[in-house]
Amino acid sequence: MKIKGFIFDLDGVIVDTAKYHFLAWRKLANSVGVDFTEEQNEQLKGVSRVKSLEKILAWGSITLSDDKFTELMTKKNHDYLKYVDQMDESEILPDVTKVLAYLQLKSQPISLGSASKNARNILKKVSLFESFDAIVDGTDVSKGKPNPEVFLTAAKLLNLSPEDCIVFEDSVAGIQAANNANMISIGIGSSEVLFEADFVFKDFTEISTEFIDMLLTEELKLKNQS
Ligand code: B16
Ligand code: MG
């Protein structure tokens, strides 16, 4: 059995904070006269706070001063953190803890690979901070997904080559980042949205120990190697 690095995205993979991002962004967008659909929201997933606001403003053809831009970002994060403050272990998505425990049992290294600057705080809220051998989040990287920097940094911290890493992601940008890093990409969500992933599962309840064992024993040919 090989040693592989398992890199988990946070929002939408470990916890369902994607819904809180959506609510906070929609409130903010509406306050400046912009609305957006669930489909457009897919484009915000995995994308940094700055890039998300740039996209929302572009949808409304709005240009703002730097000061106003910063004010809106602060406001969004303030609203988002009101949801985060209420979080506890019950918000961990189904079977995430089971998969983490199985990987630990098999002595496989585990890292976080998130775009969020709130990631460490959220992991502590849901009591998962100690489950990770490495944590890479939005405070550690300068280039956002689909740039592979976040996942390549995680591989480096785990002392593994990118080819020996496997990424769990719920966003299109994140799957592209994993593919750009030459890692195996596993989409969590809809196969229609995440069609660029090497594998897609609705959620972790669909991921069996046999599937993980297969990842650990077989040489996998990547569908989307860059
Ligand atoms: P923050 P992930 C991403 O986290 C979210 O998917 C994305 O919607 C959010 O804008 C981004 O983090 C930045 O988050 O405002 O908390 O720094 O999915 O990469 O874990
Ligand atoms: Mg995500």
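Biologist: Where is the place of Ser 61?
Modeller: In the loop between α3 and α4. Helices here are DSSP runs (H or I, at least four residues), and strands are E runs of at least two, numbered from the N terminus. The model is predicted: local features need pLDDT of at least 70, side-chain atom pairs 80 or more, while totals for chains, interfaces and linings use all residues. Residues count from 1 along each chain, chains are lettered from A and ligands numbered from 1 as written, and side-chain values use heavy atoms, without hydrogens or water.

Biologist: What is the phi of Ser 61?
Modeller: Near 50°, a positive value in a residue other than glycine.

Biologist: What makes Arg 49 a polar contact of ligand 1?
Modeller: A side-chain N or O atom of Arg 49 is 2.7 Å from a ligand oxygen. The cut-off for a pair of N or O atoms is 3.5 Å, so the pair qualifies. Asn 118 also places a polar side-chain atom 2.7 Å from an oxygen of ligand 1. Lys 117 uses a backbone N or O atom, again at 2.7 Å. The protein covers 98% of the 460 Å² of accessible area that ligand 1 has on its own (Shrake-Rupley, 1.4 Å probe).

Biologist: Why is ligand 1 said to lie between domain 1 and domain 2?
Modeller: Because domain 1 (5-16 + 90-225) and domain 2 (18-84) both give residues to its shell. The bounds come from an automatic or database assignment. α3 (49-59) and α4 (66-85) each supply at least two shell residues.

Biologist: Which peptide bond is cis?
Modeller: Lys 145 to Pro 146, with omega near 15°. Pro 146 is in the loop between β3 (134-136) and α7 (149-157).

Conventions:
A polar contact is a pair of N or O atoms within 3.5 Å; within protein, one must be able to donate a hydrogen and the other to accept it, and residues adjacent in sequence count only if both atoms are side-chain atoms.
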